[in-house]
Amino acid sequence: MTETRVDLNSRKRQERAKRMQDPEAYDWFRNTHAYRTAHESPEARESRLERCRTRSRDTIKRDRETVFAHYGNTCDCCGESELAFLTVDHVNGGGNTHRKTLEAPNMYTWLVRNDYPNGYRILCFNCNCVATRVEVCPHNG
Ligand SMILES: [Zn+2]
Ligand SMILES: [Zn+2]
(Lines give C-alpha, C1' and ligand atoms only; values in the text may rest on other atoms or scores of the structure.)
(Ligands and ions follow the chains in the order given, each with its own letter.)
Protein backbone atom coordinates (compact mmCIF):
# COMPACT_ATOMS: atom_id res chain seq x y z
CA MET A 1 0.00 0.00 0.00
CA THR A 2 1.32 3.41 -0.81
CA GLU A 3 1.58 5.85 2.01
CA THR A 4 -0.31 9.11 1.69
CA ARG A 5 1.28 12.37 2.68
CA VAL A 6 -0.80 12.55 5.84
CA ASP A 7 0.21 9.00 6.85
CA LEU A 8 3.80 9.86 6.23
CA ASN A 9 3.62 13.00 8.33
CA SER A 10 1.99 11.32 11.26
CA ARG A 11 4.49 8.49 11.08
CA LYS A 12 7.29 11.03 11.17
CA ARG A 13 5.69 12.75 14.13
CA GLN A 14 5.52 9.42 15.97
CA GLU A 15 9.12 8.70 15.19
CA ARG A 16 10.14 12.12 16.42
CA ALA A 17 8.16 11.61 19.65
CA LYS A 18 9.93 8.32 20.17
CA ARG A 19 13.27 10.00 19.63
CA MET A 20 12.43 12.65 22.21
CA GLN A 21 12.15 9.98 24.87
CA ASP A 22 15.51 8.62 23.99
CA PRO A 23 17.84 11.16 25.61
CA GLU A 24 20.71 10.36 23.32
CA ALA A 25 18.66 10.85 20.18
CA TYR A 26 17.12 13.94 21.67
CA ASP A 27 20.56 15.41 22.26
CA TRP A 28 21.45 14.64 18.72
CA PHE A 29 18.28 16.32 17.54
CA ARG A 30 18.92 19.45 19.63
CA ASN A 31 22.28 19.78 17.97
CA THR A 32 21.00 19.77 14.43
CA HIS A 33 21.20 23.00 12.53
CA ALA A 34 17.44 22.94 11.94
CA TYR A 35 16.66 22.70 15.63
CA ARG A 36 19.11 25.36 16.64
CA THR A 37 18.02 27.87 14.03
CA ALA A 38 14.36 27.27 14.88
CA HIS A 39 14.87 27.77 18.62
CA GLU A 40 17.54 30.43 18.85
CA SER A 41 16.73 33.83 20.32
CA PRO A 42 16.33 36.80 17.96
CA GLU A 43 19.64 38.18 19.28
CA ALA A 44 21.45 34.93 18.65
CA ARG A 45 19.94 34.77 15.20
CA GLU A 46 21.01 38.32 14.40
CA SER A 47 24.56 37.75 15.57
CA ARG A 48 24.79 34.50 13.61
CA LEU A 49 23.60 36.21 10.44
CA GLU A 50 25.95 39.11 11.08
CA ARG A 51 28.91 36.73 11.45
CA CYS A 52 27.85 35.11 8.22
CA ARG A 53 27.58 38.43 6.40
CA THR A 54 30.94 39.68 7.71
CA ARG A 55 32.64 36.52 6.59
CA SER A 56 31.38 36.79 3.03
CA ARG A 57 32.10 40.52 2.95
CA ASP A 58 35.68 39.84 3.98
CA THR A 59 36.06 37.17 1.33
CA ILE A 60 34.70 39.42 -1.39
CA LYS A 61 36.95 42.26 -0.23
CA ARG A 62 40.00 40.02 -0.26
CA ASP A 63 39.19 38.56 -3.69
CA ARG A 64 38.46 42.01 -5.05
CA GLU A 65 41.84 43.33 -3.88
CA THR A 66 43.67 40.30 -5.25
CA VAL A 67 41.98 40.72 -8.61
CA PHE A 68 42.75 44.44 -8.80
CA ALA A 69 46.37 43.82 -7.83
CA HIS A 70 46.62 41.23 -10.58
CA TYR A 71 45.12 43.43 -13.29
CA GLY A 72 47.16 46.49 -12.34
CA ASN A 73 45.30 48.38 -9.57
CA THR A 74 44.49 51.39 -11.79
CA CYS A 75 41.80 52.34 -14.29
CA ASP A 76 42.92 51.23 -17.71
CA CYS A 77 41.51 54.41 -19.19
CA CYS A 78 42.11 57.36 -16.86
CA GLY A 79 44.57 55.89 -14.39
CA GLU A 80 42.27 56.26 -11.36
CA SER A 81 43.91 54.30 -8.54
CA GLU A 82 41.40 54.68 -5.70
CA LEU A 83 40.29 51.05 -5.20
CA ALA A 84 36.82 52.17 -4.09
CA PHE A 85 36.18 53.56 -7.59
CA LEU A 86 37.46 50.58 -9.51
CA THR A 87 35.61 47.70 -11.07
CA VAL A 88 36.37 44.84 -13.44
CA ASP A 89 35.44 45.26 -17.08
CA HIS A 90 34.88 42.49 -19.58
CA VAL A 91 36.92 43.78 -22.52
CA ASN A 92 34.64 42.37 -25.22
CA GLY A 93 31.42 43.18 -23.40
CA GLY A 94 28.95 40.49 -22.40
CA GLY A 95 29.68 41.04 -18.72
CA ASN A 96 26.04 40.82 -17.70
CA THR A 97 25.26 37.57 -19.48
CA HIS A 98 28.46 36.13 -18.10
CA ARG A 99 27.59 37.24 -14.58
CA LYS A 100 24.33 35.28 -14.77
CA THR A 101 26.07 32.02 -15.68
CA LEU A 102 28.88 32.51 -13.19
CA GLU A 103 29.80 29.44 -11.15
CA ALA A 104 30.99 31.55 -8.24
CA PRO A 105 29.35 33.85 -5.69
CA ASN A 106 30.68 36.90 -7.49
CA MET A 107 32.86 38.10 -10.35
CA TYR A 108 35.98 38.60 -8.23
CA THR A 109 35.91 35.13 -6.74
CA TRP A 110 35.30 33.75 -10.19
CA LEU A 111 38.37 35.50 -11.60
CA VAL A 112 40.53 34.22 -8.74
CA ARG A 113 39.25 30.67 -9.17
CA ASN A 114 39.84 30.81 -12.90
CA ASP A 115 43.39 32.04 -12.53
CA TYR A 116 42.81 35.58 -13.84
CA PRO A 117 41.80 34.86 -17.44
CA ASN A 118 42.64 37.30 -20.23
CA GLY A 119 39.93 39.58 -21.55
CA TYR A 120 39.37 41.53 -18.35
CA ARG A 121 40.70 44.91 -17.32
CA ILE A 122 40.28 47.39 -14.52
CA LEU A 123 38.14 50.47 -15.16
CA CYS A 124 36.86 53.06 -12.74
CA PHE A 125 33.09 53.36 -12.49
CA ASN A 126 33.08 56.51 -14.62
CA CYS A 127 34.97 55.03 -17.53
CA ASN A 128 33.08 51.76 -17.18
CA CYS A 129 29.67 53.49 -17.35
CA VAL A 130 30.65 55.58 -20.31
CA ALA A 131 32.01 52.54 -22.11
CA THR A 132 28.68 50.71 -21.85
CA ARG A 133 26.72 53.77 -23.04
CA VAL A 134 28.77 55.38 -25.79
CA GLU A 135 31.48 52.77 -26.29
CA VAL A 136 34.40 55.19 -26.27
CA CYS A 137 35.25 57.04 -23.09
CA PRO A 138 35.75 60.82 -23.56
CA HIS A 139 39.20 60.31 -21.99
CA ASN A 140 40.16 58.61 -25.23
CA GLY A 141 37.98 60.68 -27.53
ZN1 LIG B 1 38.70 55.77 -15.37
ZN1 LIG C 1 37.97 57.06 -19.19
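Reply: Start with how much interior there is. Buried residues make up 13% of the 141 residues in this predicted chain. The overall dimensions come next. The radius of gyration is 25 Å, whereas a compact globule of 141 residues would come near 14 Å. Along the principal axes, the C-alpha atoms fill a box of roughly 75 × 40 × 25 Å.

Now the core itself. The largest nonpolar core has eight residues: C75, C77, L86, I122, L123, C124, C127 and C137. Strand β2 (residues 120-124) gives the largest share of this core, three residues. As a rule, nonpolar side chains in soluble globular proteins tend to be buried together.

Look at C75 first. C75 sits in the loop between α4 (42-71) and β1 (86-90). Leaving aside neighbours within four places in sequence, C75 contacts E80, L86, I122, L123, C124 and C127. N114 is another matter. N114 lies 39 residues from C75 along the chain, and their C-alpha atoms are separated by 22 Å.

C77 is next. Not counting residues up to four places away in sequence, C77 touches L123, C127, C137, H139 and N140. L123 and C127 are also among the contacts of C75. Contacts across the sequence matter for the whole chain, too. Of the contacts with a separation of 6 or more, 66% join residues 24 or more positions apart.

There is a second, separate core. This one has five residues, including V67, M107, Y108 and Y120.

The rest of α4 is another story. Three of its 30 residues are buried, so α4 lies largely in the open. From first C-alpha to last, α4 reaches 43 Å, close to the 44 Å expected at 1.5 Å a residue. Compare α1 (residues 5-21). None of its 17 residues is buried, so α1 also lies largely in the open. The end C-alpha atoms of α1 are 25 Å apart, which agrees with the 24 Å its 17 residues should span.

Check the backbone after α4. G72 comes just after the helix and takes a positive phi of about 115 degrees. N73, in the loop between α4 and β1, has a positive phi near 65 degrees although N73 is not a glycine. Most residues other than glycine have a negative phi. N73 counts as partly exposed because it has 13 C-beta neighbours inside 10 Å. D115 also has a positive phi, near 60 degrees, and is a residue other than glycine. D115 is in the loop between α6 and β2. With 7 other C-beta atoms within 10 Å, D115 is exposed.

Finally, confidence and layout. The mean pLDDT of the chain is 86, and 94% of its residues reach 70 or more. Among the elements, β2 has the highest mean pLDDT (94), and helix α5 (residues 95-101) has the lowest (70). The chain has seven helices and two strands, in the order α-α-α-α-β-α-α-β-α.

Key:
Residues numbered from 1 in each chain as written. Chains lettered and ligands numbered in written order. Predicted model: local features only at pLDDT ≥ 70, side-chain atom pairs only at ≥ 80, totals over all residues. Helix = DSSP H or I, 4+ residues; strand = E, 2+ residues; numbered from the N terminus. Rg over C-alpha atoms; globule rule 2.2 N^0.38 Å. Buried ≥ 20, exposed ≤ 12 C-beta atoms within 10 Å, placed from the backbone. Contact = placed C-beta atoms within 7 Å. Expected span 1.5 Å × (residues − 1). Core = buried A, V, L, I, M, F, W, Y, C linked by C-beta atoms within 7 Å. pLDDT = per-residue confidence, 0-100.
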